[in-house]
Amino acid sequence: MTSQHHHSPGGTRPDGRPSPGARLLGPAIARAAARAAAPGGLRFTERQLYYATCRVLSPGSALLRRLPRTPAPPLRLTAFTRALEARGRHTVEGLLPPVPPCTGGVYAVRERDGKGDGDGTREPDVYAYGLPRLLVCQDPSIARMLLANHVHLEAACPVLTAVDALPLDPRLTAALERAGGATVHVLHDASPSGLALPARIRAALGPVPGVRVSSMGLVPRHVAALRLPSGRGPVPGPVLGTGLPPGLRPAEARWLARGRFAEVAAVPPARLVRTVLRVTRGSRPPRVSLRSDLRGLRGTGFLTWPSA
């Protein structure tokens, strides 16, 4: 996705030296990397580092942090990328390399070599067992980040990207059904395509007894409550009315209709890890047939993020 940002550009001069803009952004990127890695040396993606740099550049007051809003990022993504290249990506401790091409399958961190570097490797044996929970991420880089931080091990929850999950492997569907009462958690952006992803996965599953698909968010109200930076892309058009959760508020639908969106990468890494662990390890909410509105809100993740 692209968004409309503003700020001065950064980069290198023709002689190879960093431009003044890149030199000014260098300290901000260093502070942002330290914050993104806290606590305990978390690994993070380049896009997460970009949003962390935006937070460094726009700290805001305590009062403003309590007001729900969706501000525009204070820094152009292109300016950040040039400044990071001028600094050298390899100099940023904790920054993950780009995501390799997805090849399908259930991914886990390669632990046997003791490096725990987040390099994805398929584990086909997982299909032989029951899967009580599964996490599907819209953004492949976020899936890699969660794997690199061993979230799948702590939550006992395999992690897939959406491109791997659709179409669903019949062996995966059978493993979910075998577990009895399994939940497929979906982590997605606050965008029309992101909000429609849980319904796509639910449709791909078909009538599998006992398997529940639950959106973890983001939704527009999360974005406002967490004061996440949002971008503006093309107006989505007719797709806005298809596959969106029934609990979406009219104001949220209007926000999306204006082409607004926010990425999961905008959530601070530590908060993202805490939320994913809390939701995936939590008990499955009881099925209540009379309170469809509340069930719809819970099913779409609306009760998740602001208290994370």
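This report walks through the salt bridges of a predicted model.

## Overview

The model has 5 salt bridges in total.

Arg89 pairs with Glu46, and their closest N and O atoms lie 2.8 Å apart. This bridge ties together distant parts of the chain: Glu46 belongs to helix α2 (residues 46-57), while Arg89 sits in the loop between α4 (77-87) and β1 (107-109), 43 residues apart. Salt bridges with shared partners also bring in Glu85, so that Glu46, Glu85 and Arg89 form one network.

How accessible are the two partners? Arg89 is partly exposed at 32% relative accessibility, and Glu46 is partly exposed as well, at 26%.

## Arg47 and Glu263

Helix α2 also holds Arg47, whose partner Glu263 lies in the loop between β8 (260-261) and α12 (269-281), 216 residues apart.

Is each partner buried or exposed? Arg47 counts as partly exposed because its relative accessibility is 26%. Glu263, by contrast, is buried because its relative accessible area is 9%, and the cut-off for buried is under 20%.

## Arg221 and Glu252

Here the bridge runs from helix to helix: Arg221 is in α10 (residues 220-225) and Glu252 in α11 (residues 250-257), 31 residues apart. Their closest N and O atoms are 2.9 Å apart. Both Arg221 and Glu252 are buried.

How values were computed. Residues numbered from 1 in each chain as written. Predicted model: local features only at pLDDT ≥ 70, side-chain atom pairs only at ≥ 80, totals over all residues. Heavy atoms only, no water. Salt bridge = Lys/Arg side-chain N within 4 Å of Asp/Glu carboxyl O. Helix = DSSP H or I, 4+ residues; strand = E, 2+ residues; numbered from the N terminus. Buried < 20%, exposed > 50% of the residue type's maximum accessible area, 1.4 Å probe, protein only.
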